[in-house]
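Open the model in your viewer and keep the selection tool ready.

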Amino acid sequence: MKVSNSQFSLPAGGLNSKLRIGVLASGGGSNLQAIMDACRTGKIDAEVVAVISNKENAFALDRARKYNIKSVFVDPKKFNFDRKTTEVLEKQKVDLVCLAGFLMKISKEFIKKYTGRIINIHPALLPKFGGKGMYGMNVHNAVLNAGAKISGCTIHFVDEKYDNGEIILQKKVKVFKNDTPERLQRRVLKQEHKAYPEAIKIFIARIKAHE
Ligand code: GRF
């Protein structure tokens with residue numbers, strides 16, 4: 001999949017060492033785990049250097065702590081979430097921001113600052129079944145209600161519109177006649193765990209091609 005130059009920006013100073021990833025997650029963090037595993041096994045030339053959540057009890061934070069990765073709960077009721085998050089990302093010298101089950105709207109300013117360096121995973125084949133309200137089980141319900149025969153996941157750049165930025169990678173799964181939203185979710189999630197590291201690999205390859 002081609003990634004256009006317009007969506008793409010080099011980390012300051014190029015990429016001389018491992019790509020430094022910051023993950024924003026609100027929930028269980030199985031995608032975060034897949035990214036951390038891919039880093040640890042050397043599948044991708046990257047390291048997760050910060051995990052930030054808007055939920056104090058997000059299991060994603062526990063997963064990160066287990067590997068001594070900087071994990072921060074930013075309480076949106078107490079702080080300007082985007083400003084605090086930017087502080088952490090800058091301090092950790094993050095090159096790429098990965099949204100992985102992050103259920104909070106981020107500001108235009110934040111997106112502008114990280115244009116071309118912020119990506120998201122969506123549990124369906126965009127541009128279908130995306131947009132406002134399309135998250136979690138809503139997505140799988142919508143896929144089944146529409147009678148779609150194929151679903152999957154999408155990794156895409158984030159821009160100011162929901163689920164709109166350029167697609168980096170998609171993986172497909174078959175939808176079966178007797179599928180429940182839960183069963184479909186499980187199969188899609190399995191593909192998500194392969195897709196996220198692959199998408200990061202594509203991102204790194206693009207950076208290297210620009211150097
Ligand atoms: C995934 O299905 C992802 O596509 C969506 O939220 C879910 C997060 O799952 N954006 P996890 O927290 O990574 O397990």
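How do the residues of the shell around the ligand divide into nonpolar, polar and charged? There are 3 nonpolar, 6 polar and 1 charged, where Ala, Val, Leu, Ile, Met, Phe, Trp, Tyr, Cys and Pro count as nonpolar, Asp, Glu, Lys and Arg as charged, and the others, Gly among them, as polar. This is a predicted model, in which local features need pLDDT of at least 70 and side-chain atom pairs pLDDT 80 or more, while totals for chains, interfaces and linings use all residues. Residues are numbered from 1 along each chain as its sequence is written, and side-chain values use heavy atoms, with hydrogens and water left out.

**Stop 1: the ligand shell.** Select Gly28, Gly29, Ser30, Asn31, Gly101, Ile121, His122, Pro123, Leu189 and Glu192, which surround the ligand; each has a heavy atom within 4 Å of it. At least two shell residues come from each of α1 (30-40), β5 (118-122) and α6 (181-210). These elements are DSSP runs numbered from the N terminus, helices being H or I with at least four residues and strands E with at least two.

**Stop 2: polar contacts.** Show pairs of N or O atoms within 3.5 Å.
- Glycine 29: a polar backbone atom is 2.8 Å from a ligand oxygen.
- Isoleucine 121: a polar backbone atom is 3.1 Å from a ligand nitrogen.
- Glutamate 192: an N or O atom of the side chain is 2.8 Å from a ligand oxygen.

The ligand taken alone exposes 370 Å², of which the protein buries 81%; areas come from the Shrake-Rupley method with a 1.4 Å probe.

**Stop 3: a salt bridge.** Select arginine 20 and glutamate 47, which form a salt bridge with their closest N and O atoms 3.7 Å apart. The pair links distant parts of the chain, with arginine 20 in strand β1 (residues 19-24) and glutamate 47 in strand β2 (residues 46-53), 27 residues apart. The count of salt bridges comes to 6, the rule being a side-chain nitrogen of Lys or Arg within 4 Å of a carboxyl oxygen of Asp or Glu.

**Stop 4: backbone geometry.** Most residues other than glycine have a negative phi, and most peptide bonds are trans. Go to leucine 126 and proline 127, joined by a cis peptide bond with omega about 10°. Proline 127 is in the loop between β5 and α5 (137-145). Then select lysine 93, whose phi is positive, near 50°. Lysine 93 is in the loop between α3 (81-91) and β4 (96-99).

Key. A polar contact is a pair of N or O atoms within 3.5 Å; within protein, one must be able to donate a hydrogen and the other to accept it, and residues adjacent in sequence count only if both atoms are side-chain atoms.
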